[in-house]
Amino acid sequence: MPGNPDRRVRRTRQAIQRALVELILEKGYEAVTVTDVIDRADVGRSTFYAHFDGKQAVLFANLSEMAFLRPAISADGPPFAFSRAMFEHVLERRRLVRALLGRRSGRAVTAHGEQVLRDLVRDELLARGARASTSLELTVTCVVGAFMALLARWVDEEITATPAELDEAFHAAVGPGVRAILARE
């Protein structure tokens, strides 16, 4: 929705988004219908469709709330500086992230999150001197896989750690491979 919507519009959109999150946590993304969301948010069907095209649009609106975590790409400083900030943000919004990326989320949700992260990682590696190549894509896949695995297990409470511990584990796991590809470039 372009511009800065008025309070009523924001409240309606937030109620719909909140309803989707609650329903995903209860029964999983695939089982949730637009009718379920409409009933939970207590809005009319025409009101729902005035704000969103369907449940996937509601879902992506929730994901876009985390867009501020995308830092300016820089070749300076440690690689993947976004990771700690993202883990800290997830801690604050754990319920939302569990719904969006946890085991009850749908494959479309996880795929969208992975694509956003792939683009972020690839852009950073290119800014640090990596060349577009099969090797780069393999490295991007490994970095994203490591991050998403940690994130998913953490939000589903399969592992217990602080954001700092997760960040340290992430960097320890991916650092050697990233340094190797950058050294070859």
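Glutamate 88 and arginine 84 form a salt bridge, with their closest N and O atoms 3.1 Å apart. Before I go on, a reminder that this is a predicted model. Both residues of that pair sit in helix α5, four residues apart, about one turn of the helix. In general, an α-helix has 3.6 residues a turn, so residues three or four places apart point the same way. Glutamate 88 is partly exposed at 34% relative accessible area, and arginine 84 is partly exposed at 37%.

How many salt bridges are there by this rule? The count is eight. I will take a few of them.

Next, arginine 122 and glutamate 137, whose side chains meet in a salt bridge at 2.7 Å, N to O. This pair links distant parts of the chain, since arginine 122 is in helix α7 and glutamate 137 is in helix α8, 15 residues apart. Are the two partners buried or exposed? Arginine 122 has a relative accessible area of 18%, and the cut-off for buried is under 20%, so arginine 122 counts as buried. Glutamate 137, at 31%, is partly exposed.

Then there is glutamate 124 with arginine 128, a side-chain salt bridge at 3.0 Å, N to O. Here glutamate 124 is buried, with a relative accessible area of 5%. Arginine 128 is buried as well, at 19%.

There is also a network: salt bridges link Glu22, Glu26 and Arg40. One member of that network, Glu22, is touched by arginine 95, which also touches Val21 and Leu25, leaving out residues up to four places away in sequence. Arginine 95 is in helix α6 and is partly exposed, with a relative accessible area of 46%. In sequence, arginine 95 and glutamate 22 are 73 residues apart; in space, their C-alpha atoms are 8.8 Å apart.

Now the core. In soluble globular proteins, nonpolar side chains tend to be buried together. In this model, the largest nonpolar core has 49 residues. Which of them touch the most other members? Those are Phe48, Phe80, Val121, Phe147 and Leu151. The elements giving two or more residues to this core are α1 (7-27), α2 (34-41), α4 (55-64), α5 (82-92), α6 (94-101), α7 (107-127), α8 (134-155) and α9. Helix α8 supplies the largest share, ten residues. To take leucine 151 on its own: apart from neighbours within four places in sequence, leucine 151 is in contact with Phe87, Val90 and Leu101.

Last, helix α9, which covers residues 163-184. Its 22 residues, at 1.5 Å a residue, should span 32 Å, and the end C-alpha atoms are 31 Å apart, which agrees. Where does α9 bend? The bend is at valine 174, by about 40 degrees, and proline 176 follows within four residues. Valine 174 is itself one of the buried residues of α9.

To recap: the salt bridge count is eight, the largest nonpolar core has 49 residues, and α9 bends by about 40 degrees at valine 174.

Conventions:
Residues are numbered from 1 along each chain as its sequence is written. This is a predicted model: local features need pLDDT of at least 70, side-chain atom pairs count only at pLDDT 80 or more; totals for chains, interfaces and linings use all residues. Side-chain values use heavy atoms; hydrogens and water are left out. The expected span of a helix is 1.5 Å times one less than its number of residues. The bend at a residue is the angle between axes fitted to the seven residues ending there and the seven starting there. Buried means under 20% relative accessible area, exposed over 50%, partly exposed in between (1.4 Å probe, protein chains only). A nonpolar core is a set of buried Ala, Val, Leu, Ile, Met, Phe, Trp, Tyr and Cys residues joined through side-chain atoms within 4.5 Å. Contact means heavy atoms within 4.5 Å. A salt bridge is a side-chain nitrogen of Lys or Arg within 4 Å of a carboxyl oxygen of Asp or Glu.
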